[in-house]
Each structure stands twice: as C-alpha cells, then as structure tokens.
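Visitor: Could you walk me through this structure while I have it open?
Guide: Gladly; here it is.
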Amino acid sequence: MSAAQTREASPRVLSIAGTDPTGGAGVQADLKSIAAFGGYGMAAVTALVAQNTLGVREVHVPPTAFLDAQLRAVSDDVEIDAVKIGMLGSADVVATVDAWLAETQPRIVVLDPVMIATSGDRLLDADAEQAVRALCHRADLVTPNLPELAVLTDRPVARTWDDALAQARTLAETADTSVLLKGGHLDGDQSPDAIVDTTGAHPVPGRRVATRHTHGTGCSLSSAMATLAAHGLPWPAALERAKRWLTGALENAEALHVGRGNGPIDHLHELRPHIDLGRSWSAGRWDATTSTRAEVDACAFVRGLASGDLDRDAFHWYLGQDLLYLREYARVLARAAALAPNVDEQRFWAAASVSCLVEEAALHQSHVDPAQLEPASSTLDYTDHLHAASTAGSYAVLVAAILPCFVLYTDIGARWRGTFAPDHPYADWLTAYGDEAFAASSAEATTIVDAAARTASASTRAAMAAAYDRSMVLELAFFEAPLRRI
C-alpha cells in the first residue's frame with residue numbers, strides 16, 4: 001500500500017453560508033478554516049453579500065430553488081463528512097436547508113446562528129428567528145455569540161459567565177444539542193469558552209487578544225469545529241485545539257494588512273511558515289536590503305579599501321573599532337549558543353564566538369594597539385542593537401540580527417577575491433573575508449536563520465526582518481564612520 005493510500009483522508013466539509021468578497025467572513029473564511037485543519041472545503045451560497053472590513057453595503061439572496069440545486073449538486077456526488085451552516089437570512093432559506101438536512105442526514109452538523117449584527121441590530125424577522133430556533137434541533141453543535149444565545153433562549157443578553165452558562169444549558173436541553181458557549185463579549189482579560197451539553201459544561205480557558213481585527217471570528221471558529229469533529233475529535237477536545245489556533249489567528253491578524261476597518265484573522269498562520277515559495281527567508285531579506293548594500297559598495301571607505309588608496313590612519317581607526325565590536329559580538333554569539341534549540345547549532349555559535357576572540361582579534365591586533373581604545377558612537381549603536389536582540393530572549397530574532405555580519409562580509413570578500421596584488425596594503429584583511437572557510441560559516445549561519453524563520457510566527461518573522469535590516473544599516477554606518485571622523 002502506498003503512502004498516499006495510508007494517509008488519513010481529508011474530511012469533506014460543506015459550508016452553507018453567505019459571501020464576503022474581502023475574504024474575511026462567510027464561505028471564504030469557512031473554506032480557509034477548513035483548509036487550515038486539513039479538510040476539503042465545499043460551499044453552497046445562501047446570499048451574495050457586498051461587504052468589506054468597514055461594513056455591509058448590499059445583500060442579494062438568490063432564489064431558494066437555486067440554493068436547493070447547489071445543495072443537491074454536492075450531496076448527489078460527494079460524501080459529506082460535516083456541514084457548517086452560517087448566514088441563512090430568511091425563513092424560506094432556513095426551510096430549504098432544513099429539508100435538505102432531513103433528507104441527507106449528514107453525520108456532523110454545526111450551526112452558527114447568524115442573527116445579530118456587530119452593531120447589535122437584529123438581522124432576521126420573527127418568522128426567520130423561530131425557524132433558526134427549530135433548526136437548532138438538527139444541529140450537533142450550535143455556536144452562538146452571547147447576543148444570539150439570548151435571542152435563541154428569549155432572555156436578556158448575559159452579562160456574567162454564570163448567566164451565559166445558564167442560557168447555554170437551556171438551549172442544549174430544549175434543542176437536545178451541544179452548545180459552544182463563547183465568552184468573547186464579556187468584560188475582562190480572560191475570554192473563556194465552553195462546550196455545554198446535557199451532561200454539563202466543559203470549559204476551555206483562554207486569554208483575550210487585544211486586536212480590532214476580529215472580522216469573521218465566529219464563522220471561522222464554527223468551521224474549524226466542524227472540521228475537527230470530522231477528524232474524530234469530541235467537542236471538548238476540538239474546542240481546545242480550535243481555540244489555540246484562533247488565538248494565534250488573532251495575534252497574527254494585523255500582519256495581514258487587509259482593509260481599513262475591522263480586519264480578518266490570519267487563518268493560515270500555522271501553515272504559512274511551512275509554505276515553500278522556492279525562496280528562502282534570508283534571500284528575501286538580502287534582496288530587501290539592496291539599497292543599503294549599494295550604499296556600502298559606494299562608500300568611500302570600502303572603495304578605498306579595495307583600491308588600496310584608503311588613508312592608513314582611517315584604516316587603523318576602523319580596525320580598532322572593529323576589535324571593540326568583535327569583543328561584544330563574541331558575547332552575542334555565545335548568547336546565541338545558549339539559546340540554540342539543538343546541539344549542532346549550539347556548537348556552531350560557540351565556535352563562531354571563539355573565532356571572534358582568537359582568529360579575528362589576532363588579525364586586528366597585528367595592526368592596532370588595543371590599549372586606550374574607546375568605542376565610537378557607530379560602534380556602540382551596533383553593539384547595543386545586538387545586545388538588545390540578545391536579551392530579548394527570541395533565538396530567531398537574535399540570529400537574524402547576527403546574520404548580516406556574516407553575509408555582508410562574505411559577499412564583499414567573494415567579489416574582492418583575486419582582484420588585488422599580493423603587495424596590496426590591506427591584503428591580509430581582504431584575504432580574511434574572502435576565505436572559503438568564512439564563506440562556509442556564513443552559509444551555515446544562513447541555513448540556521450532560515451530554519452528559525454520557517455518555524456516562527458508571522459510576528460516573530462516581522463521582528464526578525466526588522467533586526468536584520470537594522471543590522472545592515474548599522475554595518476553601513478560602521479563603514480562610513482572612519483572617514484566621517486576626519
């Protein structure tokens with residue numbers, strides 16, 4: 001039997017809901033959630049909604065006969081493992097879905113009763129609300145927010161967790177279903193949820209994420225629950241997994257930069273680091289810093305170093321500052337070794353630290369007297385930046401800050417290799433950075449940083465980019481400083 005045959009099948013999950021052309025809610029959000037948990041998503045559209053992150057502009061509801069045709073087109077051909085139901089809109093639409101459910105009897109049905117707008121306005125008339133209450137009896141799980149739970153139980157909106165639990169128990173008992181009670185509308189730093197059924201409540205604690213980018217959260221959570229249940233997880237275990245994912249999706253939402261209002265969550269934040277674009281993180285940062293690197297090449301100090309025309313005093317001053325820099329850099333590399341996640345990376349950074357203290361220091365001390373050296377502002381700026389990355393505690397951010405000192409000098413050394421005569425006044429320095437052993441170390445450092453980026457969150461990768469880019473700018477300032485002091 002092949003690996004493909006033994007691999008667990010993807011649950012086939014059908015979303016029945018309205019649309020969102022900006023992709024943050026409705027069937028678009030459902031399909032992303034289903035995919036995030038390894039499901040195969042399908043969709044039958046109940047309403048075409050012209051909306052964005054700022055609000056709803058217009059709603060078009062196709063004839064219910066067309067909705068019925070969509071549903072039957074799926075169920076006549078595909079075995080459905082789970083159904084998630086979202087926006088229905090009218091009693092006629094509810095009746096169409098109810099009739100299809102009665103006929104097809106899907107194994108898992110999750111109902112997200114879209115009844116209350118973010119503004120607090122009721123979205124359904126009295127007949128449609130009653131139809132949704134009846135539809136709860138068809139569902140294995142109902143996922144109302146607190147205002148919707150109040151409508152379903154004909155009570156005021158709960159203001160405390162205990163009141164919300166009581167309403168959820170009422171709905172679970174009257175509809176003979178399980179209820180996902182969501183505490184997001186309650187006040188406080190915590191945002192607990194719970195599965196409530198006829199056996200009791202199964203709470204899942206959680207912290208509130210401070211973000212305005214919550215568009216489509218309810219749609220996304222209910223779709224995730226349907227997919228996880230189709231995988232075989234019981235409701236409490238599914239909620240624990242989905243809530244962990246949703247917290248990360250909220251934390252990474254702002255990095256999407258979608259819309260000017262209440263933006264969407266990042267459905268694929270867990271998958272994005274593993275997506276192979278055929279291009280490494282380090283290659284992307286190298287390209288992103290092209291203008292800074294061009295300034296390095298154009299710098300009078302670098303051009304004078306390559307030609308041999310550089311003022312000798314400026315070179316000696318540079319080497320003195322470089323020696324002071326390397327002493328601090330060695331400490332930062334040792335910190336990277338301490339934070340490294342495996343023995344191989346610990347050994348690499350530790351060896352690099354020793355190299356700074358021995359090999360590099362020997363080269364610099366052959367040209368300068370280390371006594372009476374004082375760090376220039378350009379040196380302090382760079383070492384302070386590296387120490388800040390070191391003490392922040394993120395291994396990924398720290399190694400990203402370290403990397404430019406490897407790759408920039410390797411690039412310069414490779415381009416200079418073989419271009420100068422043996423009697424070049426700075427031949428020993430130019431040779432050191434064109435050395436193949438240093439190039440190999442640079443390549444290994446790059447591999448380590450790329451590996452860290454692949455497993456980092458979107459926010460951590462953003463911090464890595466900022467640290468890398470800042471180091472590149474400080475490298476430029478370090479090269480410019482010797483001649484600016486004159």
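Visitor: What should I keep in mind about the model and its numbering?
Guide: This is a predicted model, in which local features need pLDDT of at least 70 and side-chain atom pairs count only at pLDDT 80 or more, while totals for chains, interfaces and linings use all residues. Residues are numbered from 1 along each chain as its sequence is written, and side-chain values use heavy atoms, with hydrogens and water left out.

Visitor: How many residues has H4, and how far does it reach?
Guide: Helix H4 (residues 91-104) has 14 residues and spans 20 Å from first to last C-alpha, close to the 20 Å expected at 1.5 Å a residue, where the expected span is 1.5 Å times one less than the number of residues. Helices here are DSSP runs of H or I with at least four residues, and strands are E runs of at least two, numbered from the N terminus.

Visitor: Which residues of H4 are buried?
Guide: They are Val93, Val94, Thr96, Val97, Trp100 and Leu101, with buried meaning under 20% relative accessible area, exposed over 50% and partly exposed in between (1.4 Å probe, protein chains only). These residues cover an arc of only 160° around the axis, so they lie on the same side of H4; the arc is that of the directions from the helix axis to the C-beta atoms.

Visitor: What does that side pack against, and which exposed residues are on the face turned away?
Guide: The buried residues of H4 pack against several elements, among them strand S1 (12-18), helix H3 (64-75) and helix H5 (126-135), with contact meaning heavy atoms within 4.5 Å. The face turned away from the buried side carries the exposed Asp92 and Glu103.

Visitor: And Thr64, where is that?
Guide: Thr64 is in helix H3 and is partly exposed, with a relative accessible area of 29%. Leaving aside residues up to four places away in sequence, Thr64 touches Asp92, Val93 and Thr96.

Visitor: Switching topic, how many aromatic pairs are there?
Guide: A search of the whole structure finds 14, counting rings of Phe, Tyr and Trp (its six-membered ring) with centres within 6.5 Å, where planes under 30 degrees apart are stacked, over 60 edge-to-face and the rest tilted. Trp349 and Phe406 have ring centres 6.2 Å apart and planes at 75°, so this pair is edge-to-face. Trp349 lies in helix H14 (residues 343-365) and Phe406 in helix H16 (residues 395-416), 57 residues apart.

Visitor: Are those two buried or exposed?
Guide: Both Trp349 and Phe406 are buried.
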